[in-house]
Amino acid sequence: MSRVYNFSAGPAVLPEEVLQEAADEMLDYRGCGMSVMEMSHRSKVYDNIIKEAEADLRDLMNIPDNYKVLFLQGGASQQFAAIPMNLMKNKKAAYIVTGQWAKKAFQEAKMYGDAVEVASSADKTFSYIPDCSDLDIPEDADYVYICENNTIYGTKFKELPNTKGHTLVADVSSCFLSEPVDVTKYGVIYGGVQKNVGPAGVVIVIIREDLITDDVLPGTPTMLKYKTQADADSLYNTPPCYGIYICGKVFKWLKKMGGLEVMKQRNEEKAKILYDFLDQSKLFKGTVVPKDRSLMNVPFVTGDADLDAKFIKEATEAGFVNLKGHRTVGGMRASIYNAMPKEGVEKLVEFMKKFEEENA
């Protein structure tokens, strides 16, 4: 059977050569006589896997030495609690709410202190990014929180907010490694890997060392203290070993492709093909303010629920799968992460043109 074009928002498409390599090593990883799935996380062989993965990620992102890289479990959603538990020293934080996940993080933070919503785009169904150049951030806020790319609504911060000297915390789950970033602008940058980096089950946290302390909120579980994880180099308990191994392979693939500058160019090219079509289509239309459009997640609608359903059904039959929009939005969404080849987007647009002709 041939592989489909998988436009899923996550778990999402992975590079074919990474999957092939993992398949080749499934029964015997480099002559050690067993699979990485069966390997002790305390073994020398595995130690090399996780250390090399970290070194390659540091290389790709130019992560400075005063930042720790943690490979954790619990997905991005568990970080919604870990962040206030570790960082809310003054029991105050500012949240910019631009979608479902920022909203969930904001609600979670309220359980631990005074979380303040300093900007939101809820008034227009999260279809834009609010102006964050001069926000009313409380003086004693411990941090300012954003979700940088909104998977559900297809928006992206093209400019980071002016945090007025406060620590910036960003959930980058759906734009992780899609373009170069200046890590020094963030106190914490984290993301679930199941969109752009690897299989579900791993969350990567990149955190500035001065934010890793024993001074956490009372009642913070041992496992959720960044210090516990950092002191043990992500090996305090059994980590998601196989997931980290696949992430490591993706890092190598990204380096081979030419790094994050090249990925950014490729992603811009792919997104342009789809957005250009949507902008001239008489049937389909994008739902996001053009200047705030994500390169990773492209939501679109026909304006007719029955026609949307028909499109999704026919697209699936034609090998373009997982195009159904998130249940909170409806319509369609094409997630075109790093591993989605350009030809996948070109073929999708061809299919959309044909559908438009037949259903005009």
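Student: Which residues of helix α4 (residues 100-109) are buried?

Tutor: The buried residues of α4 are Gln100, Ala102, Ala105, Phe106 and Ala109, where buried means under 20% relative accessible area, exposed over 50% and partly exposed in between, with a 1.4 Å probe and protein chains only. Helices (H or I, at least four residues) and strands (E, at least two) are DSSP runs numbered from the N terminus. An α-helix has 3.6 residues a turn, so residues three or four places apart point the same way. This is a predicted model, in which local features need pLDDT of at least 70 and side-chain atom pairs count only at pLDDT 80 or more, while totals for chains, interfaces and linings use all residues. Residues are numbered from 1 along each chain as its sequence is written, and side-chain values use heavy atoms, with hydrogens and water left out.

Student: What covers the buried residues of α4?

Tutor: Contact means heavy atoms within 4.5 Å, and the cover of the buried residues of α4 includes α3, β3, β4 (114-120) and β5 (143-147).

Student: How many residues does the largest nonpolar core have?

Tutor: A nonpolar core is a set of buried Ala, Val, Leu, Ile, Met, Phe, Trp, Tyr and Cys residues joined through side-chain atoms within 4.5 Å. The largest here has 90 residues, and those with the most contacts inside it are Met61, Ile204, Ile206, Phe251, Phe284 and Phe311. Helix α6 (residues 241-257) supplies the largest share of this core, 10 residues. Apart from this core lies another, of 35 residues, among them Ala82, Tyr153, Val203 and Leu211.

Student: Which residue other than glycine has a phi near 45°?

Tutor: Arg30 has this positive value, and Arg30 is found in the loop between α1 and α2 (44-61), where it counts as exposed because its relative accessibility is 56%. Lys91, also not a glycine, has a positive phi of about 60° and is found in the loop between α3 (75-87) and β3 (92-97).

Student: Where is Pro11 placed, and what is the peptide bond from Gly10 to Pro11?

Tutor: Pro11 is in the loop between β1 (5-6) and α1 (16-24), and the bond from Gly10 is cis, with omega near -5°.
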